[in-house]
Amino acid sequence: QVQLVESGGGLVQAGGSLRLSCAPSGSIVSINAMGWYRQAPGKQRELVAIITSGGSRNYEESVKGRFTISRDNAKNTVYLQMNSLKPEDTAVYYCNAYIKQYGSSYNDYWGKGTLVTVSS
């Protein structure tokens, strides 16, 4: 069974930077889109950024110019570089990936989440 393992969250002051990483464990054939979502207390989960297997990117409006999503296809890893962090970026960040395993079609997988806290 595939599991997405996230790392890189933590506490940072406003204006600081963090880089999140996410990679799957288990046997996979290929990965289509990979993305990051976040959920702040009392709010719904929202898409932060997504990157296709071909490298096309989309960002939530409030993070454009501050966050950069990238992926290393050789390592099956997706990254989220977060700069100029603001207190309103505080949330649990979840990795998401559309993965094909041997003998199955593509399925949607989620990480357990990593907490990002931005202090003012």
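1. Basis of the values. The model is a predicted one, in which local features need pLDDT of at least 70 and side-chain atom pairs count only at pLDDT 80 or more, while totals for chains, interfaces and linings use all residues. Residues are numbered from 1 along each chain as its sequence is written, and side-chain values use heavy atoms, with hydrogens and water left out.

2. Strands here are DSSP runs of E with at least two residues, numbered from the N terminus. Buried means under 20% relative accessible area, exposed over 50%, and partly exposed in between, with a 1.4 Å probe and protein chains only.

3. Surroundings of Met82. Contact is taken as heavy atoms within 4.5 Å. Leaving aside neighbours within four places in sequence, Met82 is in contact with Gly16, Ser17, Leu18, Leu20, Arg66, Phe67, Tyr93 and Val116.

4. Aromatic pairs. There are two aromatic pairs in the structure, where rings of Phe, Tyr and Trp (its six-membered ring) pair if their centres lie within 6.5 Å, and planes under 30 degrees apart count as stacked, over 60 as edge-to-face and the rest as tilted. The rings of Tyr98 and Tyr106 are stacked, because their centres are 5.5 Å apart and their planes are at 25 degrees. Tyr98 counts as partly exposed at 36% relative accessibility, and Tyr106 counts as partly exposed at 31%.

5. Arg45 and two rings. A charge sits over a ring if NZ of Lys or CZ of Arg is within 6 Å of the ring centre and within 35 degrees of the ring normal. The charged end of Arg45 sits over the ring of Tyr94, 3.7 Å from its centre, and Arg45 also lies over the face of Trp110, at 4.8 Å from the ring centre.

6. Salt bridges of Arg38. With a salt bridge defined as a side-chain nitrogen of Lys or Arg within 4 Å of a carboxyl oxygen of Asp or Glu, the count comes to five. Arg38 forms one with Glu60, the closest N and O atoms being 3.8 Å apart; Arg38 lies in strand β4 and Glu60 in the loop between β6 (57-59) and β7, so the pair ties together parts that are 22 residues apart in sequence. Arg38 also meets Asp89 in a salt bridge at 3.0 Å, N to O, and since Asp89 lies in the loop between β8 and β9, this pair ties together parts that are 51 residues apart in sequence. Arg38 is buried at 6% relative accessibility, as is Asp89 at 1%, whereas Glu60 is partly exposed at 22%. Arg38, Glu46, Glu60, Arg66 and Asp89 are linked in a network of salt bridges.

7. Thr114. This residue, Thr114, is found in strand β11 and counts as buried at 11% relative accessibility. Not counting residues up to four places away in sequence, Thr114 touches Glu6, Gly9, Leu20, Ala91, Val92 and Tyr93.

How values were computed
Helices (H or I, at least four residues) and strands (E, at least two) are DSSP runs, numbered from the N terminus.
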